[in-house]
Amino acid sequence: MKKFCLCLVLAFLFSLNAQAQSFNAKVNRDVVPEGETFLLTFELEGANAKSNPDFSALDKDFIVYSISNAYQTNIINGDVKKSQQWNLVMMPKKSGNLTIPAVSLDDLTSSPLTIKVAKNGENISPQDAQQNQPRFKISGVVDNKNPYVQQQINYTLTLRDTGGLQGEEPQFIGDNGSDWIIKNLGAPEISTQIINGKNIREIVFKYALFPQKSGLLEIPAVRFNGYYLTREKRNDPFGRLFNDDMFIAGFGMADVFATRNPVVLTTEAIKVNVKPAAPENNGNWWLPASKVKLYAEFNPANQEYRTGEAINRTIYLTANGVIDTQLPEINFGKAENVKQYPEKPQSVTKVQKGQVVSVEKISNVYIPLKSGKITLPEITVNWFNVNTGKMETASLPPVTLNVMEGASVPETQPAAVTEISETGGAHTVFPPQEQTDVSATEQLNSKEIYLLLLIAFILGIAFCWFLMRGFSSKNSEKHIRNYKKYIIAKAQEKDLRALRDGIIEWAKKHFHNDNISTLKDVEDAVQNPKFECELEKLTESLYSKGSIDWNEKSFIKIFEKIYAQKPRSKDDGEILPKLYK
C-alpha cells in the first residue's frame with residue numbers, strides 16, 4: 001500500500017512538471033507595414049533546452065535580420081520559475097496575410113501565428129502613435145507612358161518619411177540594360193512639412209530613362225535599402241514587451257545607445273507602350289530630341305587663307321533629351337580644290353538644369369589647293385522634335401573662303417601642301433620645282449642648287465617665325481597684362497575676334513589648363529549656364545553671315561561675376577549625397 005501511494009505521488013509530481021513545460025510564440029504587432037521589421041519571440045518555460053530551435057521554415061516568407069537569446073528567472077514565494085527566450089528581428093518578403101509556421105524545439109512545438117502585412121504606403125499618417133501605421137512610403141511615376149523609342153522620359157521617385165529614414169540612393173532592379181538606359185538627374189530634393197505637429201520629410205529623386213526598343217516594356221521596380229534609428233526607450237516599439245533594462249536583439253537599450261532598424265521599400269514596376277521611330281524618318285539616323293543645334297569655329301579665324309595652309313574647322317552638335325551614343329556622325333560633304341582630314345569625333349553627356357544634354361565635337365582640317373573662292377558645303381542633321389511630333393533639320397549654311405596664293409610660293413611654283421599625321425600633327429611638304437636655268441653655275445648641278453635654296457628658304461622662315469613670336473609675345477604681355485580690362489575693352493569696342501582670343505587666353509591662365517583652345521572649352525571649364533549662353537551668342541555673332549546685334553553690356557555684366565569667382569575644384573561637390581547628414 002505504501003509503495004502504491006508513493007507511485008501516485010511521483011506520478012502527480014511528474015504530471016505537474018510536464019504541464020509546466022511550454023514553448024510558445026508571440027509577435028509584438030500583428031499588423032506590419034510592408035518594408036518594416038517586427039519582433040518574433042519564442043519562449044520556453046519549465047524546461048532546459050537541449051538544442052536550439054530550427055528556424056529554417058521562416059525563410060520562405062521572411063527575412064531574419066538577427067537572433068538573440070535572453071534568460072529570465074522569477075522567484076515568487078519561494079517558487080522558482082525559469083524561462084528562455086529567442087528573439088528574432090524579421091521583415092516580411094511580401095504583403096498580405098502571412099503565416100508564421102510552427103517551430104520545433106526538442107519534443108515541443110510552437111503554435112503557428114498569422115500576421116497581416118499592409119501594402120507599402122497604404123496609409124502614411126503623421127498620427128503614427130499607433131504602432132501599426134506605416135512610417136515610410138515610396139512611389140514612382142513617369143511623365144510619359146507612350147514615348148518613341150530612345151526618347152527621354154522622366155521618372156520621379158518620392159520617399160516620404162515620418163521616422164528619420166537613412167540610407168543611400170535607391171536602385172533600379174530587374175533590368176540588365178537591354179531595355180533601358182537610366183541616367184541620374186542630380187542630387188535629391190529634400191523638403192519637410194509639418195502636419196498636426198508631426199514632421200513629414202519628402203525626398204525626391206529624378207531620373208532620365210531611354211527605352212532601347214519599341215513595344216510594351218516594363219520600367220523596373222526601384223528598391224530602397226535603409227534604416228531608422230531607435231535612440232530612446234520610450235520610442236522603442238518593442239520595449240513594452242520586455243523589462244526596460246534588458247538587451248534583446250538591439251532593442252530596448254539605454255538612451256545612450258542607438259539601434260539600426262532595417263527598412264526595405266520597393267516600388268511597383270510601370271508598364272509603358274514604346275512607339276517605333278516615326279515613319280517620316282525614312283530609315284535615316286533616328287534622333288528624338290527636344291532641341292538640336294549646330295555651330296562652328298574656324299582656326300585661324302582671320303578670313304584670310306592661303307593655299308597649302310591648314311584651316312581647322314570645329315563643328316559642335318548639341319542635342320537636348322538624348323545621350324551621346326544617340327548622336328549621328330557629322331558629314332562634312334565634298335568641296336572642290338580642297339583636301340579634307342576629319343578627326344575622330346568626341347562626345348559627352350551632361351546634366352544641365354535637370355535635363356540631359358549631349359554634345360558632339362568634331363574637327364576637320366582643310367588644305368586649299370588653289371587660290372580663289374572655295375565653298376564649303378552645307379552641313380545638316382535631321383532630327384525628330386518630340387515636342388511637335390515633326391521632323392526638323394539643324395543646319396550650317398555653306399561657307400565661302402577667299403583663298404590667296406601662299407606668300408612664299410610664286411605663281412609658277414606648285415602650292416605647298418600640308419599633310420596630317422596619324423597623331424594629328426601637321427607638316428608642310430614642298431613639291432620640287434623644275435629648274436629653268438642652270439647655266440649660271442658650273443660647279444653645282446641643279447639638285448644641289450635646289451637643296452641650297454630649300455635650306456635657305458626654311459632657315460629664313462624659321463628666323464621670321466622666331467622674330468614674330470618674340471614680338472607677339474611682348475605685344476601680348478603688353479596689352480593683356482590685365483585680362484579683365486582687356487576683355488571688357490574689346491567687348492565695348494565689339495572687336496569680337498580679339499574678344500574671343502582674350503577670353504580663351506584668360507581661361508587658360510585662370511583654370512591652369514593649356515588645353516583650352518575654343519570657346520566651348522571655356523564653357524566646360526566655367527560651367528555657368530548664363531555665361532555659356534553669352535559665349536554661344538558671341539559664337540553666333542562671329543560666324544553668322546548676317547549682322548547680329550550683340551549685346552556687350554549683358555556679356556560684361558556676367559563676365560565680371562565669373563572673373564571674381566575662384567576656379568572650382570574637382571572635389572567641390574558630389575553627384576549624389578546621402579539622404580541626411
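Select helix α4 and colour its buried residues: L496, A498, L499, R500, G502, I503, I504, W506, A507 and H510. Buried means under 20% relative accessible area, exposed means over 50%, and partly exposed is in between (1.4 Å probe, protein chains only). Helices (H or I, at least four residues) and strands (E, at least two) are DSSP runs, numbered from the N terminus. This is a predicted model, in which local features need pLDDT of at least 70 and side-chain atom pairs count only at pLDDT 80 or more, while totals for chains, interfaces and linings use all residues. Residues are numbered from 1 along each chain as its sequence is written, and side-chain values use heavy atoms, with hydrogens and water left out.

Stay on α4, which covers residues 496-510, 15 residues in total. From its first C-alpha to its last, α4 reaches 20 Å, close to the 21 Å expected at 1.5 Å a residue; the expected span is 1.5 Å times one less than the number of residues. Step just past α4 to H512, which takes a positive phi of about 50 degrees.

Next, select W506 again, now together with F511, F531, F555, F559 and Y563: these form one aromatic cluster. Rings of Phe, Tyr and Trp (its six-membered ring) pair if their centres lie within 6.5 Å; planes under 30 degrees apart count as stacked, over 60 as edge-to-face and the rest as tilted.

How many aromatic pairs does the structure hold? There are 19. For one of them, select F23 and F42, a stacked pair at 5.7 Å centre to centre with 20 degrees between the planes. F23 is in strand β1 (residues 22-27) and F42 in strand β3 (residues 38-45), so the pair ties together parts 19 residues apart in sequence. Both F23 and F42 are buried.

Then go to F136 and Y228, a tilted pair with 5.6 Å between centres and 45 degrees between planes. F136 belongs to strand β10 (residues 136-142) and Y228 to strand β18 (residues 222-230), so this pair ties together parts 92 residues apart in sequence.

Now select Y148 and K275. K275 lies over the face of Y148, 4.0 Å from the ring centre; a charge sits over a ring if NZ of Lys or CZ of Arg is within 6 Å of the ring centre and within 35 degrees of the ring normal.

Finish at L451, which lies in helix α2 (residues 446-479) and is partly exposed, at 48% relative accessible area.
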